[in-house]
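Trainee: I have a new model to read. Can we go through it together?

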Amino acid sequence: MSFVNGNEIFTAARKGHYAVGAFNTNNLEWTRAILKGAQETKTPVLIQVSMGAAKYMGDYKLVKNLVENEMRVMNITVPVIMHLDHGNYEAAKECIEAGYTSVMFDGHDLPFAENLEKTKEIVKLAHAKNISVEAEVGSIGGTEDGIVGLGELADVEEAKKMAATGVDYLACGIGNIHGKYPANWKGLSFDRLKELADAIDTPLVLHGGSGIPKEQVVKAISMGISKVNINTECQLSFAAATRKYIEAGKDQQGKGYDPRKLLADGTQAITDTVEEIIGWLGTPAVK
Ligand code: 13P
């Protein structure tokens, strides 16, 4: 199956009060692990790459070709959306040209009027090619690939203006943070989420999905969150399984140092995490 855009998938999720997982890829193992999790659960999936991860792997085209070719050799039959995560203006344009089926333009660090104008331009370029667009209002806390957000709550009037640009999904700060949550984290702001969800029909995106207690994720989905972004959780499970393998001395037994063996437990741990999270989201299996 070739890539699909996110329009129908996330609109149906918002209407049906469930969410679809958006998992960050970092390399070949991540890509295979995410695709395996989606195929085994028979659910659609969004594979996303940050600007930093794309630079690490090569470029946007390489990432798209990697995902596409893994889908081919793995006989993936579930719908897959190829998405740019937290792109700046140039990156969004590059991914539109490179054949991504969805891009995020993250203008949260710009004055709002400029974020709005640039989002409009990206929407125009992307929609002409049937590509979905995600935008952001109210920065998401924490640091991701050098993008630092303060974690403010999204302003409802700004969210309405952003939704009016025709974006297909909207990331909005509701107290969420990228990376590990600090012990004194106050939790998601369901009051703000309700105000946002009452004001706009656009599918809403929860960034920083890793480490939020399951009950809060499930409640947020019931209120209008349709896309849940996960990166750190997969990194932690990969690292823990790889550490276990090495601490058990398995890399020193036989050819246990072969990367195809050394990375196997960690890769399976990513798939297990992907499948567990998909179970939280309530994504219906494709027919
Ligand atoms: P986490 O790394 O906190 O899961 O956040 C992922 C994310 O929001 C990607 O945009």
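Mentor: Start with a term. Two residues are in contact if their C-beta atoms, placed from the backbone, lie within 7 Å. Bear in mind that this is a predicted model.

Trainee: What share of the contacts with a separation of 6 or more comes from residues 24 or more positions apart?

Mentor: Take the contacts in the protein chain with a separation of 6 or more. Then ask how many join residues 24 or more positions apart. The share is 70%.

Trainee: What radius of gyration does the protein chain have?

Mentor: The chain has 287 residues.

Trainee: Which residues does UniProt list for "binding site"?

Mentor: The entry is unreviewed. The listed residues spread over 31 residues of sequence, yet they cluster in space, with a largest C-alpha distance of 5.6 Å. UniProt names D106 and E136.

Trainee: Is D106 buried or exposed?

Mentor: D106 sits in the loop between β4 (102-105) and α6 (112-127). Buried needs 20 or more other C-beta atoms within 10 Å. D106 has 29, so D106 is buried.

Trainee: And E136, buried or exposed?

Mentor: E136 lies in strand β5, residues 132-137. Count the other C-beta atoms within 10 Å: there are 26. Therefore E136 is buried.

Trainee: Which residues is E136 in contact with, leaving aside its neighbours within four places in sequence?

Mentor: One partner is D106, which UniProt also lists for "binding site".

Note on methods
Residues numbered from 1 in each chain as written. Predicted model: local features only at pLDDT ≥ 70, side-chain atom pairs only at ≥ 80, totals over all residues. Rg over C-alpha atoms; globule rule 2.2 N^0.38 Å. UniProt positions renumbered as here; feature names shortened; annotations may be inferred. Helix = DSSP H or I, 4+ residues; strand = E, 2+ residues; numbered from the N terminus. Buried ≥ 20, exposed ≤ 12 C-beta atoms within 10 Å, placed from the backbone.
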